[in-house]
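These are notes on a structure for a colleague who is new to reading models. Please keep the structure open while going through the points.

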Amino acid sequence: MSDGRYDILFEPVKIGPVTARNRFYAAPHATGHSPLQPNGSIALRETKARGGWGVVANQLSEIDPSSSLSNLPVDTFWDGQDMRLQSRLAERIHAHGALAAIELGHSGLRSRNLSTGVPPLAPTGLPILKPEVPVQARTMDLADIRAFRRMHRDAALRAREAGFDIVYVYASHDASLLTNFLSRRTNFRTDEYGGSLENRARLLREVIEDTREAVGDRCAVAVRLAIHEFYADHPLTRTNEGEDLMAMLAELPDLWDVNVSGWSRDSSSSRFEDEGFQEQYTGWVKSFTSKPVVGIGRYTSPDRMASLVRKGVYDLIAAARPSIADPYLPRKIAEGRIDDIRECIGCNVCVAMDGYSIQIKCTQNPTISEEWRRGWDPEDIPAAETPGEVLVVGAGPTGLESALVLARAGHQVTLVDRRKELGGRVAEESRLASLSAWGRVRDYRAYQLRQMANVNIYLDSDMTAEGIAAVGADHVVIATGASWRRDGVGSTRYTPIPGLDQIPTFTPDDIFAGVALPHSVLIYDDEHNYMGGVLAEHLARAGHAVTLVCPLPVISSWTNFTLEQPRIVGRLHGLAVDMRPRQQLAAITAGEVHLVAADTGAELGALHPDAILLVTAMSADDALLQALLASGADPARIHAAGDCVAPGTIQAATFAGHRIARKINGEPEGIRQREAPLLLAEIN
Ligand code: SF4
């Protein structure tokens, strides 16, 4: 049990007419589950309620067809047809003692409406806030504004009918019609809804009042407000209209949920922001209101959370990503199991999956989004019917995760690695500039494994096929990882780059091994995820002259999905890294590195770096697997997983480890790829 240090976090908090059982607030966040995947969406939230959160919120629920984010799988609450999903969600959250919150929203100038075909609504008719989408909004007249107020009021009434306890008025992330009215960037009206702050805030005030009048007798009314914006022109900040706005609205809602905007800042990765990074921007709000304030900032430390409450910064501690990485975080704190918290590493893979319009995945928690599809729970590993002996070779993310799941199921686990430390690639990568938080992938699993009597760990131990046969384990997991290729084969080129033998050539593995590179280094990034940019930063900080070449039009292009790309470019620019997108490394002759335009093949001349660092494809380290199979070992007892099968992200590696362990444990895969029973039942 808790020693009392964190009792303050378990105090009930009155929020208007309802009371949260504690101060843990599972914030609204996208889950990648569209209304077409209702069971998955419900099960994900239910797991959080079971994990002890005082409030569990759903994701954005759009209130009308005039607000459609099109390819993004947010929820809808257009009318009574959505009632079944929403009420079931509230019911499942209540079943575990949590309050259910619903974030009603209208995306205004962020709407694309490609599917609904209805022109987006905005205070001023402008191109929508997605410059690459050729859609323009129409200016709302006063009748439109009255209609919008009605639609929000009706949605609030539906939310009450569905059983929600907290009903949101959403004004954040630059993704709300209310924010569009509030901001000088997007509101150029000259009537009573434009001009002065009082006029621009009029619609927000009216909607808060409408919502309170509609549901305030039974539901708390929350406002999610971005009180600090990072936009170049007319940002809302504390000193730029923020205090004035709070003075106007302070006592209107029952709860203030404050954050920063845009979304890429609110969901900053650990590469750019530490835990608690929003305090400096939102921590002042509580001094302006008597109502409870919710603050967010990727909190995983209970000491930090308790301190915030004691100091009167926030009343409730919100979490999106930490509640994904560990849905049982509050329960673990209540039980005094602080070291058992699976801390978010801030990698934003979850965000990236939502950007792909699929169910979120998590590097730390392989069970997220699999609660219904596969029947997985992050803490509840079914006991093995016939516990056996399992040898896991490789203590990287795949090996660590599989060893942990198997040990929890009751197997006798032996974990072996040729390195002198646990963690594999995670240990190596977390030593690079700004990736230290990624070490949590190793730290959590290493701590758990070291507490277990049925686990033996052997480091600095090379295994051979003969050695494995001599161990005589019932099952063997091969998780030997991957190595970076040295021949130039990458995402845009499947044949080796000619001439690499004519210049000192390195890979990330050399950096991890501590090899010293010469002064000027050309990094060739044909992987396009984080590694090229991270190594450019790493080397530039160490005093190297760095040129970063990549064939795609955007540096570190996949990090657009993790919301990091513009900040990566900004940081590299600040470190004087010479960035060359759209350029392909064609060949090396006599120490000259020849570049061509990636799209036309036109020659761009030659560079003369001291060395090349290839960040291209990886090769699976499967020699041990092949030797084992060639030795006549029973293939049914040999299980390869992770990078040694198909190199990928660390998230893919932990997922592979989890999946293979459950398979060895005898669980049927049970994946339910398709889901729409609630909707199918209504087809006519
Ligand atoms: Fe945190 Fe990364 Fe998991 Fe997202 S994917 S919750 S950022 S660990």
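1. The model is predicted.

2. How many of the residues of strand β26 are buried? The count is 5 of the 5 residues in 611-615, so the strand is largely enclosed by the rest of the structure. Ala611, Leu613 and Val615 point one way from β26, while Ile612 and Leu614 point the other way, and all are buried. For this reading, buried means under 20% relative accessible area.

3. Strand β23 (residues 583-589) is mostly covered, with 5 of its 7 residues buried. Its pairing with strand β24 (residues 592-597) is antiparallel and runs over 6 bridges. One of the pairs to look at is Leu585, whose bridge partner in β24 is Leu595. β23 and β24 form a hairpin with 2 residues between them, and Ala590 in the turn has a positive phi of about 50 degrees.

4. Another sheet is open and has 5 strands, in the order β16-β15-β14-β17-β28, with parallel pairing. Why is one side of β16 and of β28 left without a neighbour in the sheet? β16 (455-458) and β28 (638-640) stand at the edges and each has a single partner strand, so one side of each has no neighbour there. From one strand to the next, the twist averages 15 degrees.

5. Inside that sheet, strand β14 (residues 389-393) and strand β15 (residues 412-416) run parallel and are joined by 5 bridges. Val390 has Val413 in β15 as its bridge partner. Helix α14 (residues 397-408) packs on the sheet and touches β14, β15, β16 and β17 (475-478). The direction of α14 makes about 165 degrees with that of β15.

6. Next, the ligand. It is surrounded by 13 residues, and the closest are Cys344, Cys347, Asn348, Cys350 and Cys362. The elements that give two or more residues to this shell are α11 (321-325) and α13 (349-355). α11 gives the most, with 3 residues. By class, the shell has 8 nonpolar, 3 polar and 2 charged residues.

7. Some backbone angles deserve a second look. Most residues other than glycine have a negative phi, and most peptide bonds are trans. A cis peptide bond joins Ser261 and Gly262, with omega about 5 degrees. Gly262 is placed in the loop between β11 (255-261) and α8 (263-266).

8. His234 is not a glycine, yet it has a positive phi of about 50 degrees. This residue lies in the loop between β10 (220-229) and α7 (242-249). Is His234 buried, partly exposed or exposed? Its relative accessible area is 44%, and it is partly exposed.

9. Asp460 is likewise not a glycine and has a positive phi, of about 55 degrees. Asp460 sits in the loop between β16 and α17 (465-471). With 49% relative accessibility, Asp460 counts as partly exposed, because that class lies between the cut-offs of 20% and 50%.

Conventions. Residues numbered from 1 in each chain as written. Predicted model: local features only at pLDDT ≥ 70, side-chain atom pairs only at ≥ 80, totals over all residues. Heavy atoms only, no water. Pairing = 2+ DSSP bridges. Helix = DSSP H or I, 4+ residues; strand = E, 2+ residues; numbered from the N terminus. Axes fitted to C-alpha atoms, helices over the stretch in contact; angles between N-to-C directions. Contact = heavy atoms within 4.5 Å. Near = heavy atom within 4 Å. Nonpolar A, V, L, I, M, F, W, Y, C, P; charged D, E, K, R; others polar. Buried < 20%, exposed > 50% of the residue type's maximum accessible area, 1.4 Å probe, protein only.
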